[in-house]
Amino acid sequence: MERLTTRITMRLMTGDDRSRDLDVDWSYRDDEPHATELDFTSYQPNAVWSLSRDLLLAGLHAPTGEGDVHVTPFDDAHVLIALAGTEGVALLAAPAAAVARFLARTVRLVPPGREHERIDWDRGLHDLLAA
């Protein structure tokens with residue numbers, strides 16, 4: 001298993017003077033090739049979001065998403081990520097260049113359309129039946 005990790009500073013946008021920067025750990029594992037994790041646990045216990053890599057890639061260029069996660073280009077330099085949870089919606093602005101660099105690394109590791117080659121189907125079936 002190969003894991004990619006980077007820290008990206010994201011701006012939590014609250015619309016008031018409580019907006020602040022958050023250092024968020026982004027990670028990607030080649031054995032979970034469809035998911036990218038954003039780890040906020042240094043700010044909130046158990047706050048790890050798993051986002052679709054395809055959603056993030058598409059959101060760099062056009063508004064995308066439904067349900068709990070939406071991604072859209074914001075300006076020439078940022079992408080907005082909206083995460084809806086039980087306590088409301090967190091709106092985060094991330095530097096588009098940093099996100100694009102991280103996602104490019106994931107694409108080099110597991111090219112789109114080749115994800116199925118990296119999934120351990122036997123382990124997944126075992127875990128499902130053991131639950």
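Reply: The following account begins with the chain as a whole and then turns to the sheet, its hairpins and the core.

This is a predicted model, in which local features need pLDDT of at least 70 and side-chain atom pairs count only at pLDDT 80 or more, while totals for chains, interfaces and linings use all residues. Residues are numbered from 1 along each chain as its sequence is written, and side-chain values use heavy atoms, with hydrogens and water left out.

The secondary structure comes to 3 helices and 8 strands; these are DSSP runs numbered from the N terminus, helices being H or I with at least four residues and strands E with at least two. Along the sequence they follow the pattern β-β-β-β-α-β-β-β-β-α-α. The C-alpha trace spans about 50 × 30 × 25 Å along its principal axes. The radius of gyration, taken over C-alpha atoms, is compared with a globule rule of 2.2 Å times the number of residues to the power 0.38. For 131 residues a compact globule would have a value near 14 Å, and the 15 Å of the chain agrees with this.

The 8 strands form an open sheet in the order β4-β3-β2-β1-β8-β7-β6-β5, with antiparallel pairing. Two strands are taken to pair if DSSP finds at least two bridges between them. At the edges are β4 (48–52) and β5 (64–66), each of which pairs on one side only. From one strand to the next, the twist averages 30°. In general, the strands of a sheet pair through backbone hydrogen bonds, either parallel or antiparallel.

Several pairings can be followed residue by residue. β1 and β2 run antiparallel and are joined by 10 bridges; methionine 10 has leucine 22 in β2 as its bridge partner. β7 and β8 pair in the antiparallel sense over 8 bridges and form a hairpin with 2 residues between them. Here glycine 85 is partnered by glycine 88 in β8. β6 and β7 also form a hairpin, with 4 residues between them, and pair in the antiparallel sense over 5 bridges. In this pair, histidine 70 stands opposite alanine 82 in β7.

Helix α2 lies across β1, β2, β3 (35–39), β7 and β8, running at about 155° to β1. Such angles run from 0 to 180 degrees between N-to-C directions, with axes fitted as lines to C-alpha atoms, for helices over the stretch in contact.

The largest nonpolar core has 28 residues, and those with the most contacts inside it are Met10, Trp26, Phe40, Ile81 and Val99. Such a core is a set of buried Ala, Val, Leu, Ile, Met, Phe, Trp, Tyr and Cys residues joined through side-chain atoms within 4.5 Å. α2 gives the most to this core, with 5 residues. Leaving aside neighbours within four places in sequence, phenylalanine 40 is in contact (heavy atoms within 4.5 Å) with Leu22, Val24, Ala47, Trp49, Leu83 and Leu92.

Alanine 90, found in strand β8, counts as partly exposed because its relative accessibility is 25%; buried means under 20% relative accessible area, exposed over 50%, and partly exposed in between, with a 1.4 Å probe and protein chains only.
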